[in-house]
Amino acid sequence: MKSLVLCVAVVLSPLLALSQSYDLVIQGGRVIDPETGLDAVRNVGISQSRIKKISAEPLEGKRVIAARGLVVAPGFIDLHQHWLELESQRVKALDGVTTALEMEIGKPDVAAFLQSMEGHSLINYGTTASHPAARSLAFGTPVPQGSLLPKSGTAAAEKPPSPEQIEAMKARLRHELDAGALGVGMGIQYTPGVTHWEVIEMFRLAAERSLPVYTHIRSNGKIEPGSNIESVSEVIGAAAITGASLHIVHINSSCGAQALDCLGLIAGARARGLAVTVEAYPYEAAMTFINSARFNPGWQEKSGATYHDLMLPETGERLTKERFEELHNSSEPRAVVLFSNTMENVDPVFRNPLVMVASDGEKGHPRNAGTFCRILARYVRSQGTITLMDAIRKMSFMPAQVLARSTPSARLKGRLQEGADADVVIFDPQTVTDRATYQHPMEASAGVEYLLVGGAVLVDKGKLLEGVFPGKAILGR
Ligand SMILES: [Zn+2]
């Protein structure tokens with residue numbers, strides 16, 4: 001009897017497949033998958049949050065999205081996003097982002113962060129465990145509410161730790177990793193009291209869990225000691241010594257005019273078998289907190305910048321020496337935009353095959369809303385310096401590969417393949433563009449016609465839907 005049922009099932013199954021109806025079908029789009037190299041007109045069948053079928057044959061769906069003339073690609077994964085509140089997520093979604101993660105520094109309290117996001121998130125989210133927050137706790141001064149970093153001049157930012165304080169940091173980071181963090185985040189430049197030994201100890205802790213370290217390197221500029229070359233070498237050394245994998249954030253701003261030299265160091269480390277990866281964002285201005293140690297004495301010489309290169313994003317006010325002193329010494333963590341780089345330095349960075357795209361998104365900078373569509377508009381369409389396939393690779397598959405160091409679930413992301421998570425962006429390659437500017441940083445990108453997160457439609461005919469919260473937590477092992 002059993003075998004008969006089996007026989008009937010085997011005979012019927014091709015027929016069943018023919019008449020199968022999917023929850024959603026994306027019909028006739030140009031389907032691009034960087035891992036397999038697929039670039040062809042296909043139909044995509046989606047059911048229960050997964051891509052079930054990719055076929056040149058017609059598919060039936062309860063809903064059909066006509067995608068003729070549009071590109072269908074894996075949703076963009078932003079490894080470096082600070083501002084994760086709803087207001088920010090809305091513009092991220094319209095920029096094609098289906099997953100946004102705070103990896104550079106990490107949220108100060110992982111459990112509280114995950115709880116605050118659950119059921120309220122448009123897109124997928126996650127965080128590293130914060131070394132600056134663990135350090136601040138070890139010095140007895142938790143980071144202030146609303147900030148990620150200790151203020152310049154405090155012991156937590158400036159002083160070397162005792163052996164007991166290093167142990168306290170490690171205990172706190174283990175606790176945060178247990179709560180679901182995706183690795184360890186270090187903003188070394190913001191805590192210049194960090195000793196080389198402390199860096200190695202934090203990498204050791206990440207290696208103990210087989211998790212990566214994400215880092216903003218110790219310094220920028222060419223002046224020795226303390227150059228960007230020395231700073232990249234420091235963290236590559238820590239990765240080599242401990243076996244932890246390493247992701248270096250925003251090479252464009254940390255290395256400026258030396259970005260290609262810094263990328264050469266990373267290529268060398270990789271050629272020696274080290275797991276080192278790197279990201280950049282496509283803007284000339286940086287942004288950070290003005291009362292942070294980033295602006296300790298010497299910042300102008302390092303950056304080649306003046307007070308006038310600093311701008312308050314809310315008002316457009318350019319700073320003077322007096323205004324700078326007032327804000328730098330304040331305990332209020334105000335954001336400031338720093339115009340210290342040029343697009344002549346930034347553009348060639350994206351042609352390097354090692355560089356993936358991440359926004360470093362924060363309130364007040366156009367990179368928050370515009371990074372991903374700017375890559376498509378500026379480099380693929382306008383300059384023609386990156387192919388569409390490579391741009392999509394840098395924005396989906398490469399970050400998914402990095403994320404796979406933290407969680408096996410990342411192997412279902414960044415791919416437009418049968419069995420993958422249905423995080424999908426559908427955009428018009430002729431019109432897609434960023435629109436955010438330094439004056440209007442919240443202007444949403446245009447040209448993303450549809451966005452699916454876990455199979456749920458979030459952007460429909462270019463409009464963000466209300467009351468849909470398909471975003472899920474991405475947790476470490
Ligand atoms: Zn940074």
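Student: In this predicted model, is D434 buried or exposed?
Tutor: The model is a prediction, and the relative accessible area of D434 in it is 14%. A residue counts as buried when this value is under 20%. D434 is therefore classed as buried.

Student: Which residue forms a salt bridge with D434?
Tutor: A salt bridge requires a side-chain nitrogen of Lys or Arg within 4 Å of a carboxyl oxygen of Asp or Glu. For D434, the closest N and O atoms of the pair are 3.5 Å apart, and the partner is R374.

Student: How many residues apart in sequence are the parts that R374 and D434 tie together?
Tutor: R374 belongs to helix 14 (residues 367-382). D434 lies in the loop between strand 17 (424-427) and strand 18 (448-453). The pair therefore ties together parts whose separation in sequence is 60 residues.

Student: What is the relative accessible area of R374?
Tutor: R374 is also buried, as the limit for that class is under 20%. Its relative accessible area is 14%.

Student: Which residues do salt bridges that share partners join into one network?
Tutor: A search of the whole structure finds 26 salt bridges. Through shared partners, some of these bridges join residues into one network, whose members are R50, K413, D421 and D423.

Student: How far apart are the closest N and O atoms of D39 and R30?
Tutor: D39 is partly exposed at 36% relative accessibility, and R30 is partly exposed at 34%. These two residues form a salt bridge, and the distance between their closest N and O atoms is 2.8 Å.

Student: Which protein residues are the donors of the zinc ion?
Tutor: The donor atoms lie 1.7 to 2.3 Å from the zinc ion. Along the chain, the donors follow the spacing E-x111-H-x33-H. E104 in strand 7 (residues 97-107) and H216 in strand 10 (residues 213-216) are 112 residues apart. The donors are E104 (OE), H216 (ND1) and H250 (NE2).

Student: What is the relative accessibility of E104?
Tutor: H216 counts as buried at 4% relative accessibility. E104 likewise counts as buried, with a relative accessibility of 4%.

Student: Which element gives the largest share of the lining of the largest pocket?
Tutor: The largest pocket has a volume of about 940 Å³. Its lining comprises 36 residues, with E85, K107, G146, S147 and L148 nearest the centre. Two or more lining residues come from each of helix 2 (86-94), helix 3 (110-117), helix 4 (131-138) and strand 13 (285-289). The largest share, four residues, is given by helix 3.

Student: How many residues of the lining of the largest pocket are nonpolar?
Tutor: The lining also includes nine polar and nine charged residues. The number of nonpolar residues is 18.

Student: Is the link of C255 and C262 left-handed or right-handed?
Tutor: The search of the whole structure finds one disulfide, and C255 is joined to C262 with an S to S distance of 2.2 Å. Both cysteines are buried. The angle about the S-S bond is -90°, and the link is left-handed.

Definitions and conventions: Residues numbered from 1 in each chain as written. Predicted model: local features only at pLDDT ≥ 70, side-chain atom pairs only at ≥ 80, totals over all residues. Heavy atoms only, no water. Donors = N, O, S within 2.8 Å, 3.2 Å for Na, K, Ca; no water. Buried < 20%, exposed > 50% of the residue type's maximum accessible area, 1.4 Å probe, protein only. 1 Å grid on protein atoms, 1.4 Å probe; cavity = no way out; pocket = protein on both sides within 12 Å on 5 of 7 lines; lining within 4 Å. Points joined across faces, edges and corners; volume = space filled by probe spheres on them. Nonpolar A, V, L, I, M, F, W, Y, C, P; charged D, E, K, R; others polar. Disulfide = S-S within 2.5 Å.
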